[in-house]
Amino acid sequence: MTKYLFPGLMALLVMALAACGSSPTDSNETDDDVLTIYTTVFPLKSFAEQIGGESVSVETIYPNGADIHTYEPTQKDMLEYAEGDLFIYTADDLDPVSQKIRGAVEDHTVFFPAADGIPEEAFEHGHDHEEAEEGHEDHEHESEEGHEDHGHENGTDPHIWLDPNLSIEMASAIKDQLVEMDADNASDYTENFEALEQELTDIDAELASITEDPLRDTVYISHESIGYLADRYHFEQVGISGLNNQEPSQQELTQIIEDIEAKEISYILYEQNITSKITDTIREETNTEPLEFHNLSVLNDEDDQEATYQSIMQDNIEVLDRVLNE
């Protein structure tokens, strides 16, 4: 595997860690046996916290409001990750920043891809709605080229956590990893996971309910982040920008405006960590109302710092219900 090294990082790691001889088989736990865990996206943090309870200390690598497509950790950040017991990410192709971190510090902490057990076909979605293909064929091609710049190979959508069914699978994998690392607390981890699983199942049922017989079937959003939801619950997403925020061409922009007016769309969804002047332009041209959809990749300063995956998804369900059924 190719190593992704920051300048001078390995020298810093050798100086900081060689003396303690840290390795994945050595315990980096604190005196009270709390596992120190770092995650990439917020849902993984939320799941690890809820499953681990008092036996874990969990931090996401992303600052509030970060754009996960462009974020780069510092050398100081890397040293902190190396001191952890466990680093949780989704999968190599979905979470490219994890490859850079792993290439530098994998000898000092356990790296765990929570989505590795999910079948590959689960990631093949979106862009298969006939109408969307007609209006955005060129835009898709531009988006896929852009993904290659930051690791989302073949245009793979990283936002798998927005599908609660896939989130259950990742949460189950996290539970199994915690049990493997800390068998003494296995019963607590299992009990906590079962409670989380039920709440995620309830979210799935609510999403199925609001999309069972909607008044409209198209959701316009600032960038292509809800493809998994669209496929699972049978509606169409139209992203103003691509997965890596590639802006539409003038022709595509005109087509989007015409489609919104023809379909009498009332709302455009904005995301908590995505800014888009193009989306602003479309909203002004079409007199649509902005609503916030939280893609859950990171929290914002305005978010409740005690929020969970479930609490944010409940807000998202209300927003989607309004867009599809009002």
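A: Let's start with serine 167, which sits in helix α6 (residues 164-181); helices here are DSSP runs of H or I with at least four residues, strands are E runs of at least two, and both are numbered from the N terminus. This is a predicted model, in which local features need pLDDT of at least 70, side-chain atom pairs count only at pLDDT 80 or more, and totals for chains, interfaces and linings use all residues. Residues are numbered from 1 along each chain as its sequence is written, and side-chain values use heavy atoms, with hydrogens and water left out.

Q: Is serine 167 buried or exposed?

A: Buried means under 20% relative accessible area, exposed over 50%, and partly exposed in between (1.4 Å probe, protein chains only). Serine 167 has a relative accessible area of 0%, so it is buried.

Q: Which residues is serine 167 in contact with, leaving aside its neighbours within four places in sequence?

A: Contact means heavy atoms within 4.5 Å. Serine 167 touches Phe47, Trp161, Leu200 and Tyr309 in that sense.

Q: What about phi: where is histidine 234 found?

A: Most residues other than glycine have a negative phi. Histidine 234 has a positive phi, near 60°, and belongs to the loop between α8 (227-233) and β6 (236-241). Its relative accessible area is 65%, so histidine 234 is exposed.

Q: Which loop holds glutamate 264?

A: The loop between α9 (250-263) and β7 (267-271). Glutamate 264 also has a positive phi, about 55°, although it is not a glycine, and at 64% relative accessibility it counts as exposed.
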